[in-house]
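Hello,

Here is the structure we talked about handing over.

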Amino acid sequence: MTRRLFWEDAYIKEFDANVVSVESNQIVLDQTAFNPRGGGLVGDIGTLNGAKVVDTAKSREDSITHILEIASTLAAGKSVHGVLDWDRRHKIMRMHTSAHLLSAIFNKETGALITGNQIEPDKSRIDFSLDDFDREKMVTYCNQANEAIAKNPPVKTYFMKREEALKIPGITKLASVMPPEVKDLRIVEIEGYDLQADGGVHVRYLGEVGKIEPLKFENKGKSNRRMYFTIP
Ligand SMILES: [Zn+2]
């Protein structure tokens, strides 16, 4: 298992690690600050010993694979220095935390269930199921989200026993349920607004998001709705 430094501190921008395995352009380290793609988030990019990392993915046995642009000359046992593309990653953290907040508000106001999300640095989308679709109301919910951001509540992460966590209503609104062998679920709490089981990266205080700007609302069939948003 790769030690997930981004769970201990999502603000680590550079780190040292040891190479566990190398297969062509795919590198597994003993620890990493690179967050893998999954749960709607794109994978982190950056460098390992100066070589470009173009994507990060989950791989077998809970390890994390760094995908390099070209085949690596590194070997198992060597030490490496990793550097994240921090501007991009911080945008992902802001976008992802926004998606939690928007999902919580949509769910509270309309009962809508979140069916999917795609978090990217410049534009993100949330899919939800909702019969009554009113664009003006949607804009109102985005305004509510921005009011919450202005109050700057803390965003906390901690682990909770699976049985306890799954008793909390709406705990898995956004993320897919973690596999049954996972005994402790990682919880992300926007104090006063949302509680989610989630393995992603988030900002420490909601105010760091800045401002959510809705871009487009789409009807994707009978009750499927999609919202695109950005954070300028
Ligand atoms: Zn999250």
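Which residue in E15 does glutamate 213 stand opposite? The residue is threonine 230. Before going on, please note that this is a predicted model, in which local features need pLDDT of at least 70, side-chain atom pairs count only at pLDDT 80 or more, and totals for chains, interfaces and linings use all residues. Residues are numbered from 1 along each chain as its sequence is written, and side-chain values use heavy atoms, with hydrogens and water left out.

Strands (E, at least two residues) and helices (H or I, at least four) are DSSP runs numbered from the N terminus, and two strands pair if DSSP finds at least two bridges between them. Strand E15 covers residues 224-230, and six of its seven residues are buried, meaning under 20% relative accessible area with a 1.4 Å probe, protein chains only (exposed is over 50%, partly exposed in between). E15 runs antiparallel to E14 (residues 213-219), with six bridges joining them. Four residues separate the two strands in a hairpin, where glycine 221 in the turn has a positive phi of about 115°. E15 also pairs with E10 (residues 124-129) in the antiparallel sense, over six bridges; there, serine 129 has asparagine 224 as its bridge partner.

Now the zinc ion: its protein donors are His96 (NE2), His100 (NE2), Asp198 (OD), Asp198 (OD) and His202 (NE2), 1.9 to 2.6 Å from it. Donors here are N, O and S atoms within 2.8 Å of the metal (3.2 Å for Na, K and Ca); water is not among the atoms, so sites may look incomplete. Histidine 100 and aspartate 198 are both buried.

Best wishes
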